[in-house]
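Visitor: I have not seen this structure before, and I would be glad of a careful walk through it.

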Amino acid sequence: MNWDKKDLLGIKGLSREDIILILDTAESFKEVSQREIKKVPTLRGKTIITLFYEPSTRTRTSFEIAAKRMSADTINISASTSSYVKGETLKDTAKNLESMMPDVIIIRHSMPGAPHMLARIMDASVINGGDGAHEHPTQALLDLFTMREKKGKIDGLNITIIGDIAHSRVARSNIFALKHFETKITCSGPPTMLPPYLEDLGVKVEYNIEKAVKNADVIMMLRIQKERGGISYIPSIKEYSTLYGLKASHLEKAKKDVIIMHPGPMNRGVEITDEVADGPCSVILDQVENGVAVRMATLFLLAGGDG
Ligand code: CP
C-alpha cells in the first residue's frame, strides 16, 4: 500500500491501513537509531521546519532528531523568538516561510485547526504537532507502535485511559486510532473531565479507577491540562491525586503483564506515583524512543517519495 496524502493533520481521516503502514515504516526506521552512525541519506536536500507556538520537549526534539537522522536540513522556530511577538499573523508567518521553499512544516498551536489552515495555504506538507485539545496524531501513532511492540498486537487489547480526557488531544487521537482495531477502551477520571462524546465513540466510561484498571493490558495516564483550564474542573489537586492518581496497588487489579504509558510531561505525585512511573511495568521512556522512529516514518512518507 502506498501513502498518497500531502499532510498529516489528524488520526481522523486515516484508515486502519494508513496507520499500519506508518507503524510498519517506523519499525524499519527504528534500527537506524541503534547504529553507531545514526544517519541515512533518505531526506538529503529536504528542508524541515518546526513551528511551535506552545512549549514542547519530546515532540519538537524528536522531530528534529528524526529529520537529522535522515539527513534533512532542520530549522526550529519558537513563537517567543519569532515575529509573532511583533504581531505577525499565523497566515503571514506561513506565507513567508513558504517563500523559503520548505518541504515539511510541523506546527504546534493552541488553536484547534491551525495545522489545517496552514495545509490549505501551503504547498509544503504540514504535520500537526498538537493543536489545542483537538489532535496530536504522531503521539497516538507512537503510542500504538509501543503497544504493538510490547504486546505483539493491538487487536484484542483492553486499554484504560485515565485523567483529563476532556482537554487531551492525546486521548482524542488515541481513541480515534484505537477504534480502527478490535480494542476495548475504558476512560476514567472525574465526571467533569470525561466528555459526553466518549460513549458516542463506543468508549466505556468508568468513574471508579479500581474498576477502570481491572483486566487492563495497557493503562495510559494523562496529566491535568492546566494550560487549557483543566484545574478549574476539580475541587483540588490533593483530592484528584487521591481519587485518580495511579498507585502501585492499582496494578494488582490489571493484567499481570500490564504496561503503563504516559505521553509526558508527567506531574509526579499527581496523576502517577514515582513507584509506578519508574517501575517495571512502565514503558514511558520506550514511548519517547519510539517517537523518533514514528516521526522518521511520517517524514519519510510525506517527503521521501520523490527523490
Ligand atoms: N507528549 C508530548 O507532546 O510532549 P511534549 O509536550 O514535550 O512535546
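Visitor: Into which domains is the chain divided?

Guide: This is a predicted model, and the bounds used here come from an automatic or database domain assignment. On that basis the chain is divided into domain 1 (16–135 + 288–304) and domain 2 (137–283).

Visitor: How many residues of domain 2 are in contact with domain 1?

Guide: The C-alpha centres of domain 1 and domain 2 lie 26 Å apart. Counting heavy atoms within 4.5 Å as contact, 28 residues of domain 1 meet domain 2, and on the side of domain 2 the number is 26.

Visitor: From which domains does the shell around the ligand draw at least three residues?

Guide: The residues around the ligand include Ser56, Arg108, Gln139 and Gly264, and by class the shell has one nonpolar, six polar and two charged residues. At least three residues of this shell come from each of domain 1 (16–135 + 288–304) and domain 2 (137–283).

Visitor: What share of the ligand's exposed area does the protein bury?

Guide: The ligand sits in the largest pocket. Taken alone, the ligand exposes 260 Å², and the share of that area buried by the protein is 91%.

Key:
Residues numbered from 1 in each chain as written. Predicted model: local features only at pLDDT ≥ 70, side-chain atom pairs only at ≥ 80, totals over all residues. Heavy atoms only, no water. Near = heavy atom within 4 Å. Areas by Shrake-Rupley, 256 points an atom, 1.4 Å probe, with all protein chains shown as cover. 1 Å grid on protein atoms, 1.4 Å probe; cavity = no way out; pocket = protein on both sides within 12 Å on 5 of 7 lines; lining within 4 Å. Sits in = over half its atoms within 2 Å of the grid points. Nonpolar A, V, L, I, M, F, W, Y, C, P; charged D, E, K, R; others polar.
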